[in-house]
Amino acid sequence: MNTTLTPAATQLNAPMPLSRNPFGRLVLQKEDGTSAVVNPVRAFPLSAPVHGISLIAEDGKEALWIPDLDAVDTAARALLDEDLAAREFQPLIERILSVSTFSVPSIWEIETDRGPVRMTLKAEEDIRKLGSRQNLLITSADGVHYKLPDTTRLDKASRKLLERFL
């Protein structure tokens with residue numbers, strides 16, 4: 001049963017019937033009195049991360065559609081953010097220390113918010129612009145997505161290395 005969180009409920013920041021079971025899984029209490037273990041999934045994880053969140057039940061069907069995550073009450077939002085963060089491993093690039101060559105494939109030594117990383121950039125197409133030239137998503141050869149939300153916040157040496165690939 002597809003249930004949409006009503007605009008009135010979201011505008012009032014009404015409590016969402018969401019909790020964790022003893023195994024740490026999210027449980028949604030449905031309107032009909034039943035409950036379902038759910039997994040949150042973003043409809044548009046890159047272009048609109050807080051709009052269009054689907055809570056998918058264990059049977060693979062949508063249990064609840066949340067049009068705007070910002071309208072969800074604080075307690076439920078914290079639970080949803082925890083689960084989404086665990087699903088979406090995207091380290092933030094803080095510095096580019098070196099690149100092995102300015103042609104691809106090249107090996108990059110970078111610092112992220114999760115520590116130092118050595119990654120391989122296999123093609124220039126693996127550097128994608130998200131909305132603007134300053135907001136990038138870089139995919140390594142092993143499939144890890146690294147976010148660079150604002151290239152202007154990088155130090156001068158990092159920007160110079162990056163510019164050779166843009």
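Guide: The largest nonpolar core has 18 residues, and Leu18, Val38, Leu55, Ile66 and Leu80 touch the most other members. A nonpolar core here is a set of buried Ala, Val, Leu, Ile, Met, Phe, Trp, Tyr and Cys residues joined through side-chain atoms within 4.5 Å. Buried means under 20% relative accessible area, exposed over 50%, with a 1.4 Å probe and protein chains only. H2 gives this core its largest share, four residues. Helices (H or I, at least four residues) and strands (E, at least two) are DSSP runs, numbered from the N terminus.

This is a predicted model: local features need pLDDT of at least 70, side-chain atom pairs count only at pLDDT 80 or more, and totals for chains, interfaces and linings use all residues. Residues are numbered from 1 along each chain as its sequence is written, and side-chain values use heavy atoms, with hydrogens and water left out.

Now the helix itself. The buried residues of H2 are Ala76, Leu79, Leu80, Asp83 and Leu84. Because they cover an arc of only 125° around the axis, they lie on the same side of H2; the arc is that of the directions from the helix axis to the C-beta atoms. An α-helix has 3.6 residues a turn, so residues three or four places apart point the same way. On the face turned away from the buried side are the exposed residues Thr74, Ala75 and Ala86.

The buried residues of H2 pack against strands E1 (18–20), E2 (26–29), E3 (35–42), E4 (51–57) and E5 (62–68). Leaving out residues up to four places away in sequence, Leu80 touches Leu18, Leu26, Pro40, Leu55, Ile66, Leu69 and Val72, where contact means heavy atoms within 4.5 Å.
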